[in-house]
Amino acid sequence: MRFLTKTSIRKTVTAFSFSALIAGFVQAEEFILTSTDIGHGEFMNEAQVFQGFGCDGGNSSPQLSWSGAPKGTKAFAIFAYDPDAPTGSGWWHWQAVNIPAKVTSLAAGAGTSDGAKMPKSSLQTENDYGVKGFGGACPPPKDGAHRYQFTVYALPQMLELPANPSAALTGFMVNANALGSATIEALYKRD
């Protein structure tokens, strides 16, 4: 039977403290996405609601900021997706790729169809409303709360995509190359 001495207890506590310090440092470098307009698990306001299809919102993409990107990040992509849309494949509200690595935030309303407020090298693909840029929430009435997943992806390089790529192809290319991702899942419902 082995007995613990004061020295062995001190070594164990020191090793545990060092491990906790390292774990705390790793957590401090976590890839995170934040917003001043939307919150995880919170309902979005009318600014992020679509204008059309029976909805009367501001159709404005939310402000987004991110930090702690993985080492080797050379570009970012941002997606907004509703997995609850009754389509069998969800609903793509926004796909923006090839955002330069030096960019770590987008202002509210950056996802306009003309791309004027997006970084120069970025590309916004066509959303499921059939328009390039951001298309706000507009679930069917009385369909309950839908989840809107705003995700930033860290990429090791700019992506080469064909002209007018499908949402599925864009999603495949981003997911196949992503070094990491961070998500805010906001909610919206129509009564």
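# Exercises on a predicted model

S60 sits in the loop between β3 and β4 (64–67). Keep in mind that this is a predicted model. Let's work through it.

**Exercise 1. Find out whether S60 is buried or exposed, and what surrounds S60.**

*Solution.* 
- Step 1: Check the relative accessible area of S60, which is 19%.
- Step 2: Compare that with the cut-off: buried means under 20%. So S60, at 19%, counts as buried.
- Step 3: List the neighbours. Leaving out residues up to four places away in sequence, S60 touches A47, Q48, A108, G109 and F134.

**Exercise 2. Track down any disulfide, and say which parts of the chain the pair links.**

*Solution.* 
- Step 1: Recall that a disulfide is a covalent bond between the sulfur atoms of two cysteines.
- Step 2: Search the whole structure; one disulfide turns up. The partners are C55 and C138, with 2.1 Å from S to S.
- Step 3: C55 belongs to strand β3 (residues 55–56), while C138 is in the loop between β8 (123–124) and β9 (146–155). The two are 83 residues apart, so the pair links distant parts of the chain.
- Step 4: Get the handedness. The angle about the S-S bond is 95°, and the link is right-handed.
- Step 5: Check burial: C55 and C138 are both buried.

**Exercise 3. Look for a cavity of 30 Å³ or more and describe the lining of the largest cavity.**

*Solution.* 
- Step 1: Rolling a probe the size of a water molecule over the atoms shows where empty space is left.
- Step 2: Over the whole structure, the search finds one cavity of 30 Å³ or more. The largest cavity holds about 40 Å³ of space.
- Step 3: Name the lining residues: M44, Q48, A80, Y81, H93, F134, G135, G136, A137, Y148 and F150. The elements giving two or more residues to this lining are β5 (75–82) and β9.
- Step 4: Sort the lining by class, and you get seven nonpolar, four polar and no charged residues.

**Exercise 4. Now describe the largest pocket and its lining.**

*Solution.* 
- Step 1: Start with the space, about 170 Å³.
- Step 2: Of the 13 lining residues, W91, Y129, C138, P139 and P140 are the closest to the pocket's centre.
- Step 3: β6 (91–100) and β9 are the elements that give two or more residues to the pocket lining.
- Step 4: By class, the pocket lining has nine nonpolar, two polar and two charged residues.

Terms used:
Residues are numbered from 1 along each chain as its sequence is written. This is a predicted model: local features need pLDDT of at least 70, side-chain atom pairs count only at pLDDT 80 or more; totals for chains, interfaces and linings use all residues. Side-chain values use heavy atoms; hydrogens and water are left out. A disulfide is a pair of cysteine sulfur atoms within 2.5 Å. Helices (H or I, at least four residues) and strands (E, at least two) are DSSP runs, numbered from the N terminus. Buried means under 20% relative accessible area, exposed over 50%, partly exposed in between (1.4 Å probe, protein chains only). Contact means heavy atoms within 4.5 Å. On a 1 Å grid over the protein atoms alone, a cavity is a set of points where a 1.4 Å probe fits but cannot get out, and a pocket is an open set with protein on both sides within 12 Å along at least five of seven lines; lining residues have an atom within 4 Å of a point. Grid points are joined across faces, edges and corners, and a volume is the space filled by probe spheres set on the points. Ala, Val, Leu, Ile, Met, Phe, Trp, Tyr, Cys and Pro count as nonpolar, Asp, Glu, Lys and Arg as charged, and the others, Gly among them, as polar.
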